[in-house]
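User: I would like to go through the terms used for this model one by one, and to see what each of them rests on.

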Amino acid sequence: MTVIRTTLCGVAAEAALAVPGVTGLQPRLSRRLAAAAAPTLTDAMLYHTPAPEAAIRADRAPGGSGWHIEVRCNLATGRRALDVAQNVHDRVGAAVISHLAALDAVERVTVEVTVTRIAAWHDGA
Amino acid sequence: MALDDPHARPTEPPGADGPRTGPAAGIPPFPGDEVLPCGRLLSRVWEQALDAAPATDPHTVSCPHCREAVEGLATLNAAARALRAEAPVGLHALADRVMNIVSAEVRLGRLLPLADPVRDLRISENAAAKVLRQAADTVPGATAATCRLLPEGDGTGVRVTMTLAAALDGPLPDRVHQVRRSVFHSAVQDLGLDVTAVDITVVDLLEPDPLLPPGGGPS
């Protein structure tokens, strides 16, 4: 299950980053705190540029049937946040379902998208 | 603590200064103290290495066990001292990093629903407020001070509460109306929020811009 969760996060992150208007993914608090507590400078440097999947949370849905995916993304100005979020939602959902099908582990998937930041490209988003 | 930190030493065991030929005589002065193969207590050898010139104790100079023990402890002691010197800086840096991360998370504010009744889509209050403040600032003679957003009702409704600084070179109600219209437009067009109301309070006055005609410029 852990292996599936890890690969789901990678698949979801890749799908979200491919959506026009998404400039990056916002790492989850737990991953950022883990990075801050990295015991060595090398670890800290690695974690300060966390992998995209650090912004994804994949959990078993309540009741144990299916997966619930959370995506936190940063957007660029110039596109309506709602449109981009809908696009992220649909593409991530499709990518995860496709991935599960390839693993012969088809299950129900729900996706939750949170826009955490909207900034011009030159703002360093 | 480092190995040579001052500490109260328990009662000296009999014969601790001299070589021993069998198991350590008496009770070791420290719990877990080690008896070297030459019969001397490790703690005693270490203290001698710190306190006395090696030449004053012929045994320490010639004994390979004592020499090896002292060399090992000296390395450990140096490492402990180095870590102790670094620890305060490291802890402060860690605390700073953690506080910065937590502050950034708190600054996101509450999460608000985007106007999609089917999908689970949200936006942070901070991100939305930034866009809406910029929309208010596009109205000449008005500058947004604060902007808060609250979910309203059970659906996707959001209520905006904004405070403004406004110039008095035109009627305030007209300017507030312009700001409200701009904020509504941006909320729908730029964000996709289902805004139910925009409450605006003028809390400060702006000096009129000398380059703009009375009334606030282009309408």
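User: What share of the 219 residues of chain B counts as buried?

Analyst: This is a predicted model, and in it 24% of the 219 residues of chain B count as buried. The word applies where 20 or more other C-beta atoms lie within 10 Å of a residue's own. By that criterion, 37% of the 125 residues of chain A count as buried.

User: How do you know which elements chain B has, and in what pattern do they follow along the sequence?

Analyst: Helices and strands are taken from DSSP runs, which give chain B five helices and five strands, in the pattern α-α-α-β-β-α-β-β-α-β. For chain A they give four helices and four strands, running α-β-α-α-β-β-α-β from the N terminus on.

User: What makes the reach of helix α4 of chain B close to the expected one?

Analyst: The expected span is 1.5 Å times one less than the number of residues. Helix α4(B), residues 125-137, has 13 residues, for which 18 Å is expected, and the helix reaches 18 Å from its first C-alpha to its last, so the two values can be called close.

User: Which residues of α4(B) are buried, and what covers them?

Analyst: The buried residues are Glu125(B), Ala127(B), Ala128(B), Ala129(B), Leu132(B), Ala135(B) and Ala136(B). Their cover includes β4 (109-119) of chain A, and from chain B it includes β1 (111-113), β2 (120-124), β3 (142-151), β4 (157-167) and α5 (172-191).

User: Why are the buried residues of α2 of chain A said to be on the same side of that helix?

Analyst: In α2(A), residues 29-36, the buried residues are Arg32(A), Ala35(A) and Ala36(A). They cover an arc of only 100° around the axis, and therefore they lie on the same side of α2(A). An α-helix has 3.6 residues a turn, so residues three or four places apart point the same way.

User: Which residues touch the most other members of the largest nonpolar core, and which helix gives the largest share of this core?

Analyst: The core has 62 residues, and those that touch the most other members are Ala12(A), Ala16(A), Ile69(A) and Val71(A). Helix α4 of chain A, residues 81-102, contributes the largest share, nine residues. Leaving aside residues up to four places away in sequence, Val71(A) touches Ala12(A), Ala16(A), Ala55(A), Ile56(A), Val88(A), Val92(A), Val111(A) and Val113(A).

User: How many residues does the other core have, apart from this one?

Analyst: The other core has eight residues, among them Leu41(B), Val45(B), Cys66(B) and Val70(B).

Technical notes. Residues are numbered from 1 along each chain as its sequence is written. Chains are lettered from A and ligands numbered from 1 in the order in which they are written. This is a predicted model: local features need pLDDT of at least 70, side-chain atom pairs count only at pLDDT 80 or more; totals for chains, interfaces and linings use all residues. Helices (H or I, at least four residues) and strands (E, at least two) are DSSP runs, numbered from the N terminus. A residue is buried if 20 or more other C-beta atoms lie within 10 Å of its own, exposed if 12 or fewer, and partly exposed in between; C-beta atoms are placed from the backbone. Two residues are in contact if their C-beta atoms, placed from the backbone, lie within 7 Å. The arc is that of the directions from the helix axis to the C-beta atoms. A nonpolar core is a set of buried Ala, Val, Leu, Ile, Met, Phe, Trp, Tyr and Cys residues joined through C-beta atoms within 7 Å.
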